[in-house]
Amino acid sequence: MHRLDVPAPHLLPFAIGSFDTIGPLSRAGFPHRHSFHEIVYVTGGTGSHVLDEERWPLRPPHLCFITPGQVHYWDRVAGLRGWVILFTDDFLLAHPGDRDALTELGERPWMRPGPEDAARMAGLVREMLREYGERAPSFRSVLQAQLHILIARALRLSAPYGAPGPYDAGGAAGRSGVRRTDPVSGRAALVSREFTRLLAQPGSVGRSVRSYADELGVSVGHLTELVKRSTGRTPGRLIRHAQTVEAKRLLSGSRLTVAQVARRVGFADPAYFCRFFRRETGLSPGDFRRAAGGAGGIHHDLRAESIEGPARPE
């Protein structure tokens, strides 16, 4: 499990660059998962990209969305060129609806834009690179807006499934020409997607794992097994993450008291919520709010781990 390496302590959890500037792990040839979102815009190269055991041949340009928990790697690539955008859910606080859009895009991850769309996409990415490099006043807000535009344009791309289907391990297309799906993996992905959809609904972040399992018609143990198989994280861990993200949004964007924020995210005891928030972020709710109120927002999660760091225990 790779975690986002934030380049500098004054930045929000976001990075953008080429495959070369991001580093060798951006084109890792071994299966791995991320705890963050990755958008890849491939402009050149040969070989294949393998995502959740499905093989996609490189015929650039390609736009690829990799959601947290998906397993992927680059196989036998040569001359890989393009740009990589990395960010966590925290970077989406200004546009929380983009989380659902990214989930949708993750279900059709390998898009091949036409010439006009490709040129517009490349232009937008270059603008993001320039904004990220110059770091002018309010650059974080501009980057968040540009990322929102990129996601919206990706959703507009026509015929998202028009590109060739994934290939099997031998490089030959399947007989049907459609995506291969392992029954167990497919079940895990379906349950995980439904769990994520329920978790994203307003007022849902304080619910228990059992309540989600009951609604989905599975046992707690089975839900835990399927969600962890699909995402690499347990339902409990995902619920805690959703509570933290929602608490950050309310603390930075509303005048609610800490006690009111605690109730909104499922904590009856404000003191317990404060301990929970500090454990998850390294800051008290009050410290987070004060930092978010100055210089335009929180810049860095003090608990962010290196991209090569060990996974936290569930």
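Predicted model: local features only at pLDDT ≥ 70, side-chain atom pairs only at ≥ 80, totals over all residues.
Student: Let's start with the overview. How many helices and strands does the protein chain have?

Tutor: There are eleven helices and six strands in the protein chain. The chain has 314 residues, and 47% of them count as buried.

Student: What share of the contacts joins residues at least 24 apart in sequence?

Tutor: Taking contacts between residues at least 6 apart in sequence, 72% join residues at least 24 apart.

Student: Now the helices. How do you describe two packed helices?

Tutor: You give the angle between their axes and the distance between the axes. For helix 3 (residues 115–134) and helix 4, the axes come within 10 Å and cross at roughly 165 degrees.

Student: Why are helix 3 and helix 4 called roughly antiparallel?

Tutor: Angles over 145 degrees count as roughly antiparallel. The crossing angle of helix 3 and helix 4 is roughly 165 degrees, and therefore the two helices are roughly antiparallel to each other. Helix 3 passes helix 4 in a left-handed crossing.

Student: Which residues meet there?

Tutor: From helix 3, the residues include R120, M121, L124 and V125. From helix 4, they include L147, L150, R153 and A154. By class, this contact of helix 3 with helix 4 has twelve nonpolar, one polar and four charged residues.

Student: How do you know whether M121 is buried or exposed?

Tutor: Buried means under 20% relative accessible area. M121 has a relative accessible area of 3%, so M121 is buried. M121 lies in helix 3. Leaving aside neighbours within four places in sequence, M121 is in contact with Y41, L63, L150, R153 and A154.

Student: How far apart are M121 and L150?

Tutor: In sequence, M121 and L150 are 29 residues apart. In space they are 7.3 Å apart, C-alpha to C-alpha.

Student: What about helix 2 and helix 4: at what angle do they pack?

Tutor: Helix 2 (residues 98–106) and helix 4 (residues 139–156) pack at an angle of about 40 degrees, and their axes are 10 Å apart. That makes helix 2 oblique to helix 4.

Student: Which residues of helix 2 and helix 4 meet?

Tutor: D98, A101, L102, E104 and L105 in helix 2 meet H148, I151, A154 and L155 in helix 4. Sorted by class, the contact of helix 2 with helix 4 has six nonpolar, one polar and two charged residues.

Student: Let's look at the loop between helix 3 and helix 4. What is the phi of R135, which is found there?

Tutor: R135 has a positive phi of about 50 degrees although it is not a glycine. S138 is also placed in the loop between helix 3 and helix 4, and S138 has a positive phi of about 65 degrees, again without being a glycine.

Student: What makes S138 exposed?

Tutor: Exposed means over 50% relative accessible area. S138 has 52%, so S138 is exposed.

Student: Finally, the strands. How do you know that strand 1 and strand 5 pair?

Tutor: Two strands pair if there are at least two bridges between them. Five bridges join strand 1 to strand 5 (residues 72–87), and the two run antiparallel. F14, for instance, has F87 in strand 5 as bridge partner.

Student: Why is strand 1 called mostly covered?

Tutor: In strand 1 (residues 14–18), four of the five residues are buried.

Student: And which residues cover both faces of strand 3?

Tutor: In strand 3 (residues 54–57), E54 and W56 on one side and R55 and P57 on the other are all buried. Four bridges join strand 2 (residues 37–51) to strand 3, and these strands run antiparallel.

Notes. Residues numbered from 1 in each chain as written. Heavy atoms only, no water. Axes fitted to C-alpha atoms, helices over the stretch in contact; angles between N-to-C directions. Parallel < 35°, antiparallel > 145°, perpendicular 65-115°, else oblique. Contact = heavy atoms within 4.5 Å. Nonpolar A, V, L, I, M, F, W, Y, C, P; charged D, E, K, R; others polar. Buried < 20%, exposed > 50% of the residue type's maximum accessible area, 1.4 Å probe, protein only. Left-handed = near helix turned anticlockwise from the far one by under 90°.
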